[in-house]
Amino acid sequence: MVKEEVQQLVNYLIEIEHVSTTLYLAMSAYLDRQDYTGMAKWLRLQSEEERTHMLSLIDYLAGKDGVVKLGEVPAQPSDFGTPLETFQKVLEHEQFVTNAYRQAYEYILPIDPQTAVIVQDFLREQIDEEAQSLTIVQRLKIAADNPSALLVIDQELGQRQPGAAAGG
């Protein structure tokens, strides 16, 4: 049986990924209602990526004979403001996730180096997650309230393919 500390930590990370997938799905639905279908697609694919992370953590814990605990996920808002405000929230959330994985890695390394490697892989991926979110925020700031510029960004984000890098 897996150590209790490992089980609690991995379940906490599963919860973070579960919240992430529902948050991005809510953002996707919101932007789709605003007719930013490219941004909506990007966020839907991001939601699917976060779900994949959650499933990987579930499989890891189950494979170590641990108990997976899926708690309630808080209701997500239905309004996220402008596209810029929405993606600023994405960036803030990614920074929160990075910090959670950083703390998890520091905590688990002396307890279970094998689990630390798994956590480190997710932490490494957060470098790209934050960079991509930051790039989108910066581009939306440049676009400001220019409808043509927003539509160009929307079209570019809509070109993202499943399984492809989340770049903007």
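**Exercise 1.** Which residue just after α2 takes a positive phi?

*Solution.* The structure is a predicted model. Helix α2 covers residues 37–63. Just after α2, Asp65 adopts a positive phi of about 65°.

**Exercise 2.** Determine how the span of α2 relates to the expected value.

*Solution.* Step one: α2 contains 27 residues.

**Exercise 3.** Locate Asp35 and Ala144, and classify the accessibility of each residue.

*Solution.* Asp35 lies in the loop between α1 (4–33) and α2, and its phi is near 70°, a positive value in a non-glycine residue. Exposed means over 50% relative accessible area; Asp35, at 59%, therefore counts as exposed. Ala144 belongs to the loop between α4 (113–143) and α5 (147–157). The phi of Ala144 is near 50°, again positive in a residue other than glycine. The relative accessibility of Ala144 is 45%, so Ala144 counts as partly exposed.

**Exercise 4.** Is Leu91 buried or exposed, and which residues does Leu91 touch beyond four places away in sequence?

*Solution.* Leu91 is part of helix α3 (residues 83–108). Buried means under 20%; with 11% relative accessibility, Leu91 therefore counts as buried. Leaving aside residues up to four places away in sequence, Leu91 touches Glu130, Ser133, Leu134 and Val137. For Leu91 and Val137, the separation is 46 residues in sequence and 7.7 Å from C-alpha to C-alpha.

Methods
Residues numbered from 1 in each chain as written. Predicted model: local features only at pLDDT ≥ 70, side-chain atom pairs only at ≥ 80, totals over all residues. Heavy atoms only, no water. Helix = DSSP H or I, 4+ residues; strand = E, 2+ residues; numbered from the N terminus. Expected span 1.5 Å × (residues − 1). Buried < 20%, exposed > 50% of the residue type's maximum accessible area, 1.4 Å probe, protein only. Contact = heavy atoms within 4.5 Å.
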